[in-house]
Amino acid sequence: MLNIDEPAHLQPKIPLFRLGFRPFFLFASLFSLLSLGIWGGFLSGLPLLPNNINSLWWHGHEMIFGFACAVVAGFLLTAVQNWTGQPGLKGLPLIGLFTVWLLPRLLFILPLDIPFVAIMIIDLMFLPLTAIALSISVVKVRQWRNFVFIPILSLLTLFNGFSYYGLITNQLQWANNGLYAAVILVGVIVALLGGRVIPFFTERATQWQRHSPIPVLEWLSFASLLALVASLFLPQIILLTRALAGIAGLVLLLRWSRWGWLASWSVPLLWSLHLSYLCIPIGLILIATGLPLSVGMHAITVGGLGGMILAMMSRVSLGHTGRQLKPARPMTLAFGLMLLATVFRVLAGLPSAWFIELMLAAIICWMLAFGCFCYYYAPMLCRVRADGRPG
């Protein structure tokens, strides 16, 4: 792991803003607890949002563009330092970017007389600003391999705009397509990063020997996912979406099968990554079977994205705060709770008299899992590194 050495007096005085993972991992996790608490209240008949907010749209939008994209930003802003050898975003610039993310989250739920369009504009600034911060480091050292994240963040901004457009014009199909496309695109980011880190982590922590990637398989993984994104905007050809989802699911499953999953069972930080990643091809295959689109999408969002986020945050936070890669024992339970939340949420999407109960069970499992993360990791994210190094 690369660390950028700096004199102590040049480090931000507040440890929380010394590197991107710190504020975004912590506050995205806290926000997921708040937002799912509000969503659980809505499902229980307790409206906790201002009357001018569409609760269903807000839930989907905020879990993708509020929660997941914040963690993606925190990870990329931290990883780019290792990739390029350039200092990561910190101090006042990081505080500014964090504020751009935080403001819309608060303005949506507080009973303030703020024009909806103003909130939208602030929110749409976050990912482009993140992309600019990344591109400065990547372009400086001409590391074009990692420039791929810039167009991905730009596309996420476009899909965020689609979701707003659909809501404002009362064209809910546009709003849903924007959110679903963003889910698959975040899945592309997870597939990119997962293909780099999961085999690497597995090889380092076990006796398993990594295999060389198969170029055709790698190319097909991302081509099929991007084609699936495009097909979502052709709702009249639903069979095309299902076929592409099936192809992408099978390709991602084959790709994952080569990452040493059989060697991971004794290491919670490994099996949590492997099983969470597995939820992405499972969700895609569920879409291909013809089940309601939301069933497969929630397998991807809860298990694939939520589970991977929890596992990656747990590992990255330990490594980048100078600690041993041994999470607190209850975090193993937290990883298991995310898988259980996925099962409950998928079952809730099927015809059942237990819809509300299954939804609330999934919410409780998520909140316990991320509550556990906040309890154990908030202190280390808010303090200087244990080894005294910068970051």
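**Notebook: helix packing and a few loop residues**

I began at Val267, which I found in the loop between H8 and H9. A reminder to myself: this is a predicted model. Is Val267 buried, partly exposed or exposed? Its relative accessibility is 22%, so Val267 counts as partly exposed; the cut-off for buried is under 20%. I also looked up how Val267 sits relative to Thr202: the two are 65 residues apart in sequence, and their C-alpha atoms are 9.1 Å apart in space.

**Forward into H9**

I checked its length first. How many of the residues of H9 are buried? I noted 16 of 21, so I put H9 down as mostly covered. After H9 comes Gly290, and I wrote down its positive phi, near 95°.

**H9 against H11**

Next I looked at H9 beside helix H11, residues 330–348. For two packed helices I wanted the angle between the axes and the distance between them. Here the axes come within 9 Å and cross at roughly 10°. Angles under 35 degrees count as roughly parallel, and H9 and H11 are therefore roughly parallel to each other.

I then listed who meets whom. On the H9 side I have Pro268, Leu269, Trp271, Ser272, Leu275, Cys279 and Leu286, and they meet Thr332, Phe335, Gly336, Leu339, Thr342 and Val346 of H11. Sorted by class, this contact of H9 with H11 holds 9 nonpolar and 4 polar residues, and no charged ones.

**Back to H7 and H8**

I turned to helix H7 (residues 215–231) and helix H8 (residues 238–256), which pack with their axes 9 Å apart at an angle of about 155°. That makes H7 roughly antiparallel to H8, since the cut-off for that label is over 145 degrees. The crossing of H7 past H8 is left-handed.

From H7 I wrote Leu217, Glu218, Leu220, Ser221, Phe222, Ser224, Leu225, Ala227, Leu228 and Ser231. From H8 come Leu240, Thr241, Leu244, Ala245, Ile247, Ala248, Val251, Leu252, Leu254 and Arg255. What classes do the residues of the contact of H7 with H8 divide into? I have 14 nonpolar, 4 polar and 2 charged.

Leaving out residues up to four places away in sequence, Ser221 touches Val251, Leu252 and Arg255.

Last, I looked up some backbone angles. Most residues other than glycine have a negative phi, so I stopped at the following two.

Arg142 is not a glycine, yet its phi is positive at about 55°. I placed Arg142 in the loop between helix H4 (116–140) and helix H5 (149–168). With 64% relative accessibility, Arg142 counts as exposed.

Asn170 is not a glycine either, and its phi is positive at about 60°. I found Asn170 in the loop between H5 and helix H6 (172–205). Is Asn170 buried or exposed? Its relative accessible area is 64%, so I logged Asn170 as exposed.

Technical notes
Residues numbered from 1 in each chain as written. Predicted model: local features only at pLDDT ≥ 70, side-chain atom pairs only at ≥ 80, totals over all residues. Heavy atoms only, no water. Axes fitted to C-alpha atoms, helices over the stretch in contact; angles between N-to-C directions. Helix = DSSP H or I, 4+ residues; strand = E, 2+ residues; numbered from the N terminus. Parallel < 35°, antiparallel > 145°, perpendicular 65-115°, else oblique. Left-handed = near helix turned anticlockwise from the far one by under 90°. Contact = heavy atoms within 4.5 Å. Nonpolar A, V, L, I, M, F, W, Y, C, P; charged D, E, K, R; others polar. Buried < 20%, exposed > 50% of the residue type's maximum accessible area, 1.4 Å probe, protein only.
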